[in-house]
Amino acid sequence: MSHATAPLIEVRDLGVRLNTSRGPAQAVRGVSFALRRGETLGLVGESGCGKSVTALALMGLLPDSAVVSGSVRLDGAELVGLSDSSYCKLRGNRISMIFQEPMTALNPMHTIGRQVAEPLRRHTGCSAASARKETIALLDRVGLPDAAKRVDAYPHQFSGGQRQRITIAMALACQPDVLIADEPTTALDVTIQGQILDLIADLVEERGMSMILISHDLGVIAENVQRMMVMYGGTVVESGATDAVFMRMGHPYTQGLFRARPRLGARKGTRLKTIAGTVPELADLPAGCTFADRCGIVEARCRVALPAAVGVGAGHDVRCLRTDVSMADAAGAVRV
Amino acid sequence: MSAPLTVPADSAAIAPGASPATGFWRRALRHRSFVLGAALSLLVLGAALLSLVWTPWSAYDIDIASKLHPPSAAHWLGTDVFGRDIVSLLLVGARSTIMVGVIAVGIGLTFGVCLGLIAAARKGWTEELIMRMSDFTFAFPAVLSAIMLAAVVGPGMLTSITAIGIFQIPTFVRVTRGSANAVWAREFILAARAAGKGGFRITIEHVLPNILSILIVQATIQFALAILAEAALSYLGLGTQPPQPSWGRMLNDAQTLLFQSPMLAVYPGAAIAIAVLGLNLLGDGLRDLLDPRLARER
């Protein structure tokens, strides 16, 4: 945070329109953020709120039919509208991504060594022998036991946690500047989750990367990122420093998410709180606030237009017209 | 995470199973239809190879004096209307059958797989164009395209091979494109793209290896279809030309003598049936054996 350097990655007013079978869907609207080297950002939200689409837009991996607007700058260079062949040179080299499902993110037909070495061979043009040496060192670094011996094993010979370590090694092979982790621990056992997140955190610090961590788990976000953005219906409804957001939740949706999380130590028979209703169809978003239909304190004016983001603290923005009421509620939300 | 027993659960390595190759053969030998299919296919292959070095009689020498002999010690299955030894004809016929199958499937496989992979990788109008073209080709029966081809360049083995090969292309295009599309939708493709790989490399390194087993199975089945098509074309006089023996040709010759010596039609018919049955069983067996879901269950 202390570096007074220019942002490494700067996203301004990012919008993504997907062409679905039910017509065009505005999957992401007006997402803006900037990350300096070494900073970490969390994206939280329910399924279908635009987290992964945002990530794929940054990677340039959206289907050809998707329309991306706004601007994504990596070290000052514009990425939106970049040709695929130029993007190929960045992906895996300067921006990398870790995926949700380690069970399917590795090709079952190739040895893990080959798959980890591939980005190395491709981007750095090093020889097979030195790529192999580097691969073993990487696998060793991500905590794969007996890396030198197991480098020629196939993905099905590893457990889920080990495979996630391998995909991390793959993503980090070329020392990327930006790492996007899309629900990296969702498919893993709880016992492994902590280990993997710690590993990612260590590597991010060790290599001075910027990280965007995507999760639907507030706990994961709370412990792993400096800043967070809460997404709903393709828009960022709240953003700010992680501590500030958790301390003074400004948006009714953030509060709802927080209340809905299951907790240890709750009395037996306590029903989990839920947010009534479902995420709106992206192909058919309401005109006003996307959360209006599920919001407890909704007013007529909420349904007129998408509320603008208002600052409720230092670098803490909330896209809500009723922050006066919601912020007063927030104290209660944390206590509950 | 402060439980007293912090077992590093993911550090326990799963024991690497037996090497994939030995596992495959162990399962293969237990698979009945695979073993039967392989045996029948090898029988046909063996017959073809044997004919290269030895046949009881020459398959080309006409000996009208000893025509239509019943089976005897000299001619194990008798002789045909030109006095040629049936066993020798069947052995040499196996050779042309296999040649037709190999070349025709080779043509279909080469062009079909390339086009199918391009269609799956490119999508958009490229895919439309390739698929509509293969629909167009598919709409012509093989026999019809062979007749057209024969009308232009004259009948013969080469004509029938080419016609059958072209007829096989659309099948391979469809199978390849369908299964390649399924692979393209898998997450490791996204991961490969995230690692900076382009469409061509992903196709060669990730898509093709993952659909290979499907293609092998399809190729064995198409081989059987090619044999049937060749027999049909030879029977119609559009395929292998005399004096080159072929099973379809033998059926054609036997037709006029069906009431005089019906067994003349039975032998080549049985040979065709054995070859087709063997290849189909082999294909079925391979489909079971190469299915990765089954391979995992060790």
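In which sense do strands S1 and S4 of chain A pair, and over how many bridges? Strand S1 (residues 9–20) and strand S4 (residues 67–74) of chain A pair in the antiparallel sense, over 7 bridges. This is a predicted model, in which local features need pLDDT of at least 70, side-chain atom pairs count only at pLDDT 80 or more, and totals for chains, interfaces and linings use all residues. Residues are numbered from 1 along each chain as its sequence is written, while chains are lettered from A and ligands numbered from 1 in the order in which they are written.

**Strands of chain A**
- Helices (H or I, at least four residues) and strands (E, at least two) are DSSP runs numbered from the N terminus, and two strands pair if DSSP finds at least two bridges between them.
- Opposite Arg17(A) you will find Val67(A) of S4(A).
- S4(A) also runs antiparallel to strand S5 (residues 77–78) of chain A, joined by 2 bridges, with Arg73(A) opposite Glu78(A).
- The hairpin of S4(A) and S5(A) has 2 residues between the strands, and Asp75(A) takes a positive phi near 55° there.

**Where chains A and B meet**
- The contact (C-beta atoms, placed from the backbone, within 7 Å) takes 37 residues from chain A and 23 residues from chain B.
- On the chain B side, helices H7 (187–194), H8 (199–235) and H11 (292–296) each supply at least two residues, and H7(B) gives the largest share, 6 residues.

**Around Leu139(A)**
- Not counting residues up to four places away in sequence, Leu139(A) touches Val116(A), Leu144(A), Ala147(A), Val151(A), Ile166(A) and Ala169(A).

Key. Contact = placed C-beta atoms within 7 Å.
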